[in-house]
Amino acid sequence: MHLGSTVTTIGFWVGTLLPVVYLPLFVAGIGSATRFSIFLCVLVINIIALVIGHDYRGSRSYDERQLDGSRSR
């Protein structure tokens, strides 16, 4: 496993599991500027992680793209 695949794997799993943090944020409320800033930071990190982890080999969409590529040959 080289660095690129490690980063992709970490990005995929962070992007997948980070939404668990949203629930406590919503339960605690986003009424203050600080909590709203925390929410925005978590949201941006989640989006970046999903973009980085998009090509993770273990994901279903990666497997489907591989199958589509082999059918067109």
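**View 1. A nonpolar patch draws mostly on helix α3.** With three residues, α3 is the element that gives the most to the nonpolar patch. This is a predicted model, in which local features need pLDDT of at least 70 and side-chain atom pairs count only at pLDDT 80 or more, while totals for chains, interfaces and linings use all residues. Residues are numbered from 1 along each chain as its sequence is written, and side-chain values use heavy atoms, leaving out hydrogens and water. The patch covers about 450 Å² and is built from L3, V7, V44, I48 and I52. Two elements, α1 (3-17) and α3 (33-52), each give two or more residues to the patch. One of the patch residues, V44, sits in α3 and counts as partly exposed because its relative accessibility is 46%.

**View 2. The whole chain, for orientation.** Helices (H or I, at least four residues) and strands (E, at least two) are DSSP runs, numbered from the N terminus. Of the 73 residues, 23% are buried, where buried means under 20% relative accessible area, exposed over 50%, and partly exposed in between (1.4 Å probe, protein chains only). The chain exposes about 5,500 Å², with 69% of that supplied by carbon and sulfur atoms; areas come from the Shrake-Rupley method.

**View 3. Two stretches carry a UniProt annotation.** An unreviewed UniProt entry labels residues 12-30 and 36-56 "transmembrane region"; such annotations may be inferred rather than shown by experiment. Residues 12-30 are 68% helix and 0% strand, and their end C-alpha atoms lie 26 Å apart.

**View 4. N46 and its partner Y22.** Look in helix α3 to find N46, which is buried because its relative accessible area is 6%. Its side chain makes a polar contact of 2.9 Å with the side chain of Y22. A polar contact is a pair of N or O atoms within 3.5 Å; within protein, one must be able to donate a hydrogen and the other to accept it, and residues adjacent in sequence count only if both atoms are side-chain atoms. Leaving aside residues up to four places away in sequence, N46 touches (heavy atoms within 4.5 Å) V14, G15, L18, P19 and Y22.

**View 5. L50 and I47 in helix α3.** L50 is partly exposed, at 44% relative accessibility. Not counting residues up to four places away in sequence, L50 touches G11, G15 and T16. The C-alpha atoms of L50 and F12 are 5.9 Å apart in space, although 38 residues separate the two in sequence. I47 is partly exposed too, with a relative accessible area of 47%. From I47 to V14 the C-alpha distance is 9.9 Å, across 33 residues of sequence.

**View 6. G58 in the loop between α3 and α4 (60-71).** Is G58 buried or exposed? G58 is exposed, because its relative accessible area is 52%. Its C-alpha atom is separated by 9.2 Å from that of F12, 46 residues away along the chain.

Methods
Areas by Shrake-Rupley, 256 points an atom, 1.4 Å probe, with all protein chains shown as cover. Patch = residues over 30% accessible without salt bridge, like charges linked within 9 Å, V, L, I, M, F, W, Y side chains within 5 Å. Salt bridge = Lys/Arg side-chain N within 4 Å of Asp/Glu carboxyl O.
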